[in-house]
Amino acid sequence: MKRTLYESDHEAFRESFRKFVEVEIAPHDEQWNRDSIVPREVFAKAGKNGFLGMDVPEEYGGGGVKDFRFNAVIIEELMRAGCGGSGLGLTLHNDICMPYFLTYANEEQKKRWLPGIVSGDLITAIAMTEPGIGSDLASMSTTARREGDHYVVNGAKTFITNGINADVVITAVKTDPTQKHKGMSLLVLERGMEGFERGRNLDKLGQHAQDTAELSFTDVRVPVANRLGESEGQGFTQLVTKLPQERLSIAVAGVAAAEAALTWTLEYVKERKAFGQPIGSFQNSKFVLAEIATEIDLAWHYVDDCIRALNADELTAVDASKAKYWCTELQGRVVDRCLQLHGGYGYMNEYPIAKAYADARITRIYGGTTEIMKEVIGRSLGL
């Protein structure tokens, strides 16, 4: 069925961003995967072309349009080009970090940070996960002790996307270690603060172009003026409030990646021959691809309704969890089945399906594991 989510403005934006990907990202994707990092200049170029902070008010340099459909277009085009790893930093910057600054930053903080975030001169990250705690954020051990007009931060974070490139890092800390959820606050740590160190750029299974790092904090003095929220103890609520958009962003990427895999595979099975005929003409190939096409179509329509709900401030944590769980599991199934149809060539890194296979595995883990998504959904059923 035809998707009806987008209007002419979104399609014009899509055309513009597709050209940006073709010129500024796709030709360099292979090199950036070898380097395990995207140059900072990519963020500045994206900002210059209006692809950062589309929902940021114009007074801070943004597009002034609160409409997640523009974010979704960026995700779709990155996946279409097979550049998910190279583009993940941009989508994290727009979809996951930006909402914290827009919602929880005070006027002074917005003036201080938003213009640089929109221009791409300030790259963002969010640091929640710690070594050994996984999804159990309430058990984090990174502390922030108040000393006058500063907090003294000690601890460590891991698996931080944009961890090497980031200039401003939204960091979840315990301002009251005696409390679990109620003791958590969000502080913005900035590049150059003494005691704020970056560890390894982690060697991952996939998403190689994306810098994912360990961060450590040793007596880092952070101004109280860098706390998001009027008072301490609001961090967990802030995180929970913004997780639905993060999970929807991942869901969009999951379906878009599945669709890209289907497109590559259709091209391949029409050209590749076995036993004197295209392998796409065999019944098994037809049935597999028919199932994939149907599942992708169904997923798009659910995701599109979630985007409409988000734009109307009606997206629930449960519906976002359903989207994230289903679409990332779909991505894994589709990429695996498409790789199988490529035969031995699917295992070769020169084919995009091979990179897509490695890149897909993490999406069922980050942003909340499939198991956590099912727990959220299950609780909504009164279980």
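The largest cavity is lined by 17 residues, and those nearest its centre are M79, G84, A257, A356 and D359. The structure is a predicted model, and a search of the whole of it finds 2 cavities of 30 Å³ or more. The volume of the largest cavity is about 150 Å³.

Three helices each supply at least two residues of the lining of the largest cavity, namely α5 (84-104), α7 (235-271) and α10 (352-360). Of the elements involved, α10 gives the most to this lining, with 5 residues. By residue class, the lining of the largest cavity comprises 9 nonpolar, 6 polar and 2 charged residues.

The second largest cavity holds about 50 Å³ of space. Its lining is made up of V38, V42, F43, S86, G89, L90, N162, A209, Q210 and D211. Two or more residues of this lining come from each of α3 (41-48) and α5. The most is given by α5, which provides 3 residues to the lining of the second largest cavity. The residues lining the second largest cavity divide into 5 nonpolar, 4 polar and 1 charged.

How values were computed. Residues are numbered from 1 along each chain as its sequence is written. This is a predicted model: local features need pLDDT of at least 70, side-chain atom pairs count only at pLDDT 80 or more; totals for chains, interfaces and linings use all residues. Side-chain values use heavy atoms; hydrogens and water are left out. On a 1 Å grid over the protein atoms alone, a cavity is a set of points where a 1.4 Å probe fits but cannot get out, and a pocket is an open set with protein on both sides within 12 Å along at least five of seven lines; lining residues have an atom within 4 Å of a point. Grid points are joined across faces, edges and corners, and a volume is the space filled by probe spheres set on the points. Helices (H or I, at least four residues) and strands (E, at least two) are DSSP runs, numbered from the N terminus. Ala, Val, Leu, Ile, Met, Phe, Trp, Tyr, Cys and Pro count as nonpolar, Asp, Glu, Lys and Arg as charged, and the others, Gly among them, as polar.
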